[in-house]
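Thanks for coming. I have one structure to go through today, so let me put it on the screen.

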Amino acid sequence: MSKHVAVIGAGIVGLGIAAEASRRGHRVTVIDPAPATGATYAAAGMLAPVSELHYQEERLLALTSESARLYPGFVAGLGETGYQETGTLVAAFDAADRTALADLKQAQLAEGLEVHEITSREARRLEPSLGPALTGAFYAPGDHQVDPRALSAALVKMLRNSGAAVVSKEAAGLITDAEGTVVGVQLAGGEVVAADETVVANGLAAAALSGLPEGLRLPLRPVHGDILRLRVPTALQPLLTSTIRGIVRGHPVYLVPRGDGTVVIGATQREDGSADVSAGGVYQLLRDAQTLVPAVAELALEEMTCRARPGTPDNAPLLGRVAAGAEDLPGLVVATGFFRHGVLLTPAAAKICADLIDGVQISVELLQFNPDRFSKMTKESHA
């Protein structure tokens, strides 16, 4: 049965959910005053369930791996998205860095992931621009990339072409009826968007919406990061053919080559509350990237960006329906708190949210990401 779905937030996750709902025949309204200008605008777009595996975040692996698997079908027919299936080369600068990567490799192998240790010479054969100081490297053939700016633009175009409405206003809150069912969205100007299903996917702003279910706690925190975009001179193109991730004296850094002759370098991570680009962060990124790829010094610095990613206490997303006693609250789906994984998890989040809207039973494993897990309203089946 076709429904009217209102999606609050037009970052990459919100747009992906809206697109999937539209593909399934639902009428869609997307609400965002400035689509794809937040964390999506800054994101490098690495689709890296292997090299993004972090200690104590292993429970995310099934979700990230499934989302990476869904990506080719998700971007099919969208036009230019920058999706590339080139692998990721992970490089170590000194002995301590190599030991850290070797330990991580063991954790990756224990999870059944494909990662290969290669020599520094083999790494430079794959990527001649790598510097001479490497002590070793690993290759993850299944870690790919997409261009979040191109993908978000393609999703907006697809939505408009399919008849979806894109409302360039801010959502102020949720509207509920006498039974507590969420029945739409109130905009900042007072206008109302009535909807059968409302998806809250507006990142850090989600917790500030009025009308959220009583007792629901969305503990989102801003994790700011600096990211750089540099242009490669014609004489040096292609500088890289694979994504390069590295650890340089304990500091992580990555270089993502784009098809347009640019390279994305990132990303710092800080929780100091400042939304300004950090001079120290820019220096650190350029220093460490140049250590891995000396030719970085010859590139043109085109853009320095800082954005905040929405983190949660356990660094896992708030994804699913909200408990209302023994049942789920009708009419509401939450999809926020994706932290480093927003771009990677977009296809999976889109499928899960569309399944919930369609009344499809989701797996028990997904209940661990329920948006009410930090609240006291969790129904027994979530425990």
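Before the first residue, a word on naming: strands carry the letter E, are DSSP runs of at least two residues, and are numbered from the N terminus. Keep in mind too that this is a predicted model.

With that, strand E17 covers residues 300-311, and Leu 301 lies in it. Leu 301 has a relative accessible area of 42%, which makes it partly exposed.

Next, the open sheet. Six strands make it up, in the order E8-E2-E1-E12-E21-E18, and the pairing is mixed. At the edges sit strand E8, residues 165-167, and strand E18, residues 318-320, each pairing on one side only. From one strand to the next, the twist averages 20°.

Within that order, look at strand E1, residues 4-8, and strand E12, residues 197-200: they run parallel and are joined by four bridges. If you want a pair to click on, Ala 6 has Thr 198 in E12 as its bridge partner. Helix H8, residues 342-358, lies across E1, E12, E18 and strand E21, and it runs at about 40° to E18.

Now strand E14, residues 243-248. How many of its six residues are buried? Six of the six are, so E14 is largely enclosed by the rest of the structure. In a regular strand, side chains alternate between the two faces of the sheet. In E14 both faces are covered: Thr 243, Arg 245 and Ile 247 are buried on one side, and Ile 244, Gly 246 and Val 248 are buried on the other.

What does E14 pair with? Strand E4, residues 88-92, pairs with E14 in the parallel sense over five bridges, and there Leu 89 has Ile 244 as its bridge partner. Strand E15, residues 251-257, runs antiparallel to E14 and is joined to it by five bridges. Here Ile 247 stands opposite Pro 252. E14 and E15 form a hairpin with two residues between them, and Arg 249, in the turn, has a positive phi of about 50°.

Last item, a loop residue. Asp 147 is found between strand E7, residues 144-145, and helix H6, residues 148-161. Is Asp 147 buried or exposed? The cut-off for buried is under 20% relative accessible area; Asp 147 has 17%, so it counts as buried. Leaving aside residues up to four places away in sequence, Asp 147 touches Thr 81, Gly 82 and Arg 258.

Note on methods: Residues numbered from 1 in each chain as written. Predicted model: local features only at pLDDT ≥ 70, side-chain atom pairs only at ≥ 80, totals over all residues. Heavy atoms only, no water. Buried < 20%, exposed > 50% of the residue type's maximum accessible area, 1.4 Å probe, protein only. Pairing = 2+ DSSP bridges. Axes fitted to C-alpha atoms, helices over the stretch in contact; angles between N-to-C directions. Contact = heavy atoms within 4.5 Å.
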